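Hi,

Here is the structure I promised to pass on. Have a look, and then read on for what turned up.

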Amino acid sequence: MTDGPGVRRDGSGGPLPHLGLLALVAVGLVAVNLRPGATSVGPVLAELEAGIGLSPAAAGVLSALPGLCFGALGALAVPLSRRLGLTGTILLGLVVVAAGLLLRVLTGGAVTFVLLSALALGGMAVGNVLVPAWIKRQPADRVRLMTVYGTGLTVGGASGAALAAPVAAAAGSDGWRPSLGLWGLAAVSALLVWLVVARRERGAVVPEDGGGAAGRLVRSPTAVALTAMFGVQSMNAYVQFGWLPEIYRDAGLSATVAGLLTAMLTGLGIVGGLVMPTVIDRSRTLAPWMVAFGGLAVLGYTGLFLAPATLPWLWAGLLGLSGWAFPTVIALINARSRHPRVTARLSGFVQPVGYLIGASGPFLVGLIHAWTGDWRLVLALLALSGVALTLTGLRVSRPVFVDDEMAPADPGGAPA
């Protein structure tokens, strides 16, 4: 409903300002800061072990934390937003991210480092869940905002992994501290911009959360399929980031080449973040894309099974294109809901459960590899996950709104 130029009523009666360029900058900055705190740790694990006495067991916990925190703590975001509103809760999340990332580089103990990492990841989990809902209630530019958001997530994750080791090496002794602390400063910059957003939104009424709607999400086939698709894609992404370099190295490629192939896979994800929100907005059906995502995954893993070192760039490229499913499912959280409160609920359902599913992937791959001694069974099972990706994707490709599936039916069967 329009309420004059530049403002809109969101259904709860509160006028929302048209933030324009400020909204694009705010969404871009928060998106870029929702991954590096996790992805920047792996490349400097050896330095952490030497610097703070991080044990192999603690390193394992640290590696599992992102998926666990994104899942378990992300579920708290929507209830918290009932009290603080969407913008206020995103602000709080950024405060927690900045504090956790900055304080952990000052510690000298492994336990404290892990706890502060969990704190920062909890703040990121809040942003994961609530930013799509915040975008949903903007008066305009939603497709561009989702494009910036999806791209920012991938750019941030890739930057965290790519910059960690070079910055640590350039910083010299204890270089892991400035390397990881860099992202705490980046979170502060995002926080400052969101303070401006909060000031501009002052007086706008945040949509109510919708009462018991979350409990009915399990009755929505679209919500369940979105969750399954998110889980399958997250599982593949975690496995690829964690194990693909080792798969290539076991096939005889050098560590440098394996790293470059993984970087290429990630780079293709950035292109997907730019492309897919517009595709979703303009396509009559997404079914061909969903078939392609699953088919590309099957082909990529099959290639790794049969001839990993023959055309390694082709298999990484196929898996990278299949990874366009990630920005697709993120954008569909927004596209398959009408009201911002349903978007928040849907995001708070899809992402926590999906991340918990995804977090199990690297763990199970490690167990299977240790049990079999090679990668054949792992790659065969991962190829089958491409079938699951297509089946769940075909379900969410239907132009159905979760709001309608959640709506109570009257005695005649029509939505109330």
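Helices here are DSSP runs of H or I with at least four residues, numbered from the N terminus. This is a predicted model, so to speak: local features need pLDDT of at least 70, side-chain atom pairs count only at pLDDT 80 or more, and totals for chains, interfaces and linings use all residues. Residues are numbered from 1 along each chain as its sequence is written, and side-chain values use heavy atoms, with hydrogens and water left out.

The patch consists of Val291, Trp371, Leu377, Leu381, Leu384, Val387, Leu391 and Leu394, together about 800 Å² of accessible area. (Patch members have over 30% relative accessible area and no salt bridge, and nonpolar side chains, meaning Val, Leu, Ile, Met, Phe, Trp or Tyr, are joined within 5 Å; a salt bridge is a Lys or Arg side-chain nitrogen within 4 Å of an Asp or Glu carboxyl oxygen; areas are Shrake-Rupley with a 1.4 Å probe, and for residues only the protein chains shown count as cover.) Leu384, in helix 16, counts as exposed because its relative accessibility is 56% (exposed is over 50%, buried under 20%, partly exposed in between).

Now helix 3 (residues 45-52): Leu45, Leu48 and Ile52 are its buried residues. They fall within an arc of 60 degrees seen down the helix axis, so they line one face (the arc uses directions from the axis to the C-beta atoms). Exposed Ala46 and Ala50 sit on the face turned away. Just after helix 3, Gly53 has a positive phi of about 70 degrees.

Cheers

Key: Patch = residues over 30% accessible without salt bridge, like charges linked within 9 Å, V, L, I, M, F, W, Y side chains within 5 Å. Helix = DSSP H or I, 4+ residues; strand = E, 2+ residues; numbered from the N terminus. Buried < 20%, exposed > 50% of the residue type's maximum accessible area, 1.4 Å probe, protein only.
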